[in-house]
Amino acid sequence: MAARIPPNFRRVITAAAGGNVIEWYDFYIFGSLAAVLSVKFFEKSHPVAALLSTIALFTAGFLIRPLGAFLFGWMGDRVGRKYTFLVTLSGMALGTGAIGLIPTFESIGLAAAVILFCLRIIQGLCLGGQYGGAITYVAEHVSDEHRGYYTGWLQTSPTLGIVLSLLVIIATRTYLGEAAFNDWGWRLPFLFSFLLMFIAYYIRVNFQESPIFEEIKAKGAMTKNPWKEAFLSANIKFVLIATIIVLGEGVVWYSGQFWALYFLQQVTKVDALTTAYLVGAGLVIGTPTLILFGWLSDHIGRKPVILGGFLLAAVTYYPLYSWLGSVTQPGNINYPIAIIIIAILVAYVGMVYGPIGAFLAEYFPARIRYTSVSVPYHIGNGWGGGLVPFITTAAYQATGSLAAALIYPIAVPAVCFVLGLFLMPETRKMSIWEPEAQKA
């Protein structure tokens with residue numbers, strides 16, 4: 001297959017990343033407001049149980065993601081990348097925006113939590129279908145030599161989605177005041193999703209199909225059954241290896257970014273607004289490392305960068321979180337040090353996540369790439385990473401011990417590092433523009 005990289009590929013990447021930021025905003029606004037949602041949709045008399053119930057709902061959105069990957073991966077490989085994008089985008093925005101319209105527990109009782117659960121499942125299904133497609137779409141627009149760098153730009157979108165959610169929360173909290181925000185203003189960040197949907201739809205409706213998919217379609221080489229080719233063939237071995245690597249990456253991602261948010265709010269008891277400032281600043285400083293390490297993986301390989309991130313995370317999480325706790329005591333917060341620690345945690349995310357899109361795209365053949373990338377990605381991130389907030393928070397609530405809370409975030413990257421040394425291939429020199437015979 002001759003390389004037919006379109007001249008506007010940089011605009012394609014920017015547009016894909018912009019659309020992704022909006023979708024991740026939709027997904028993470030739920031987690032960013034977990035403490036508020038817990039008292040709105042569950043019985044208030046047991047605040048810890050209500051918080052854990054809300055985090056469990058947050059987690060449910062992750063656990064359903066592989067099913068979305070399975071269903072929409074089929075659509076992406078059979079119908080095309082572009083149209084699958086638009087379907088998942090619409091479902092995600094509607095699932096998020098509708099949360100801003102649900103009556104609370106006081107109004108309709110348990111039905112409020114049931115409706116919230118159903119909307120969270122819609123979010124998870126749609127995210128499961130779109131992100132593997134975004135990786136595939138961008139990877140199929142860029143040259144082999146710079147794939148890590150350009151997909152690294154796309155990998156910033158989940159982090160920037162969290163930043164956007166925090167900015168919207170900061171703005172509405174500050175403008176309305178705490179009382180009004182906790183009363184009704186918390187709905188505005190969810191309703192804002194409807195506006196973002198139109199922006200993202202405008203961005204993506206003008207997308208062209210990826211050149212590689214177009215060529216496969218023109219040659220009549222499309223798969224008739226993506227599920228069979230991906231999971232009931234020799235390809236399953238590659239899916240399993242990719243899942244191991246993405247499990248480690250997913251746990252580092254959520255331990256380094258999202259649990260920092262929960263840690264400050266639930267462990268050191270920093271108020272919500274200050275937490276948003278600290279985490280938001282750390283994310284902004286650390287986000288460029290996703291591009292940096294994507295670029296580095298173009299030069300030294302995907303494997304050493306990703307496995308290096310696993311090792312650093314496993315070795316340093318406990319001292320870093322202990323340090324973060326010591327500098328964020330209420331009334332005595334060392335803002336610069338706290339922000340630097342969070343930025344370091346995000347830099348580990350850059351190491352494991354910056355190159356992962358290029359690795360996955362290079363590892364699988366084009367005709368089943370959407371399915372093969374999506375399923376391990378969302379098992380690793382949805383199940384492995386998505387369980388981080390629930391497991392760490394539950395462990396801390398049960399024991400009061402930071403060491404107990406960090407067992408899962410430390411053990412998973414450590415195990416994946418060891419397995420990755422023996423199982424993970426180096427894909428940097430695998431061309432996705434060459435005939436697929438090389439992948440057999």
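Predicted model: local features only at pLDDT ≥ 70, side-chain atom pairs only at ≥ 80, totals over all residues.
Is Arg367 buried, partly exposed or exposed? Arg367 has a relative accessible area of 25%, so it is partly exposed.

Start with the partner of Arg367. Its side chain meets that of Glu229 in a salt bridge, at 2.7 Å from N to O. Arg367 sits in the loop between helix 18 (356–363) and helix 19, while Glu229 belongs to helix 12 (residues 226–231), so the pair ties together parts that are 138 residues apart in sequence. Glu229 also counts as partly exposed, because its relative accessibility is 25%.

Other salt bridges share partners. They join Asp144, Arg147, Asp298, Arg302 and Glu362 into one network. Take one link in it. Asp144 forms a salt bridge with Arg147, and the closest N and O atoms are 2.7 Å apart. Where do these two residues stand in terms of cover? Asp144 is at 16% relative accessible area, so it is buried. Arg147 is at 0%, so it is buried too.

A further pair is Arg173 and Glu178. Their side chains meet in a salt bridge of 2.9 Å, N to O. Arg173 has a relative accessible area of 7%, so it is buried. Glu178 counts as partly exposed because its relative accessibility is 38%. The count for the model comes to seven salt bridges.

Tyr370 is buried, because its relative accessible area is 0%. What does Tyr370 touch, leaving aside neighbours within four places in sequence? Its contacts include Phe72, Gly73, Gly76, Asp77, Arg81 and Thr84. Gly129, Gln130, Gly132, Gly133 and Thr136 are also among them. Sequence separation and spatial separation can be set side by side here. Tyr370 and Asn332 are 38 residues apart along the chain, and their C-alpha atoms are separated by 49 Å.

Thr371 is also in helix 19, which covers residues 369–385. Thr371 is at 0% relative accessibility, so it counts as buried. Which backbone atom does its side chain reach? The side chain of Thr371 comes to 3.0 Å from the backbone oxygen of Gly73.

Next comes helix 5, residues 81–97. It has 17 residues. From its first C-alpha to its last, helix 5 reaches 24 Å, close to the 24 Å expected at 1.5 Å a residue. Helix 5 is mostly covered, with 13 of its 17 residues buried.

Helix 7 (residues 110–139) holds Gln123. Gln123 is at 0% relative accessibility, so it counts as buried. What does its side chain pair with? One partner is the side chain of Thr96, in a polar contact of 2.7 Å. Another is the side chain of Arg120, joined to Gln123 by a polar contact of 2.6 Å. Beyond four places in sequence, Gln123 touches Asp26, Phe27, Phe30, Met92, Gly95, Thr96 and Ile99.

Helix 17 spans residues 335–353 and has 19 residues. Its reach is 26 Å from first C-alpha to last, close to the 27 Å expected at 1.5 Å a residue. Of its 19 residues, 14 are buried, so helix 17 is largely enclosed by the rest of the structure. Look at its start. A side-chain oxygen of Asn334 reaches to within 3.3 Å of the backbone nitrogen of Ile337.

Which residues make a nonpolar surface patch of about 560 Å²? They are Val415, Val418, Leu419, Leu421, Phe422 and Leu423. Leu423 belongs to helix 22 (residues 407–423). At 37% relative accessibility, Leu423 lies between the 20% and 50% limits, so it counts as partly exposed.

Notes: Residues numbered from 1 in each chain as written. Heavy atoms only, no water. Helix = DSSP H or I, 4+ residues; strand = E, 2+ residues; numbered from the N terminus. Buried < 20%, exposed > 50% of the residue type's maximum accessible area, 1.4 Å probe, protein only. Polar contact = N/O pair within 3.5 Å; in protein donor to acceptor, adjacent residues only side chain to side chain. Expected span 1.5 Å × (residues − 1). Contact = heavy atoms within 4.5 Å. Patch = residues over 30% accessible without salt bridge, like charges linked within 9 Å, V, L, I, M, F, W, Y side chains within 5 Å. Areas by Shrake-Rupley, 256 points an atom, 1.4 Å probe, with all protein chains shown as cover. Salt bridge = Lys/Arg side-chain N within 4 Å of Asp/Glu carboxyl O.
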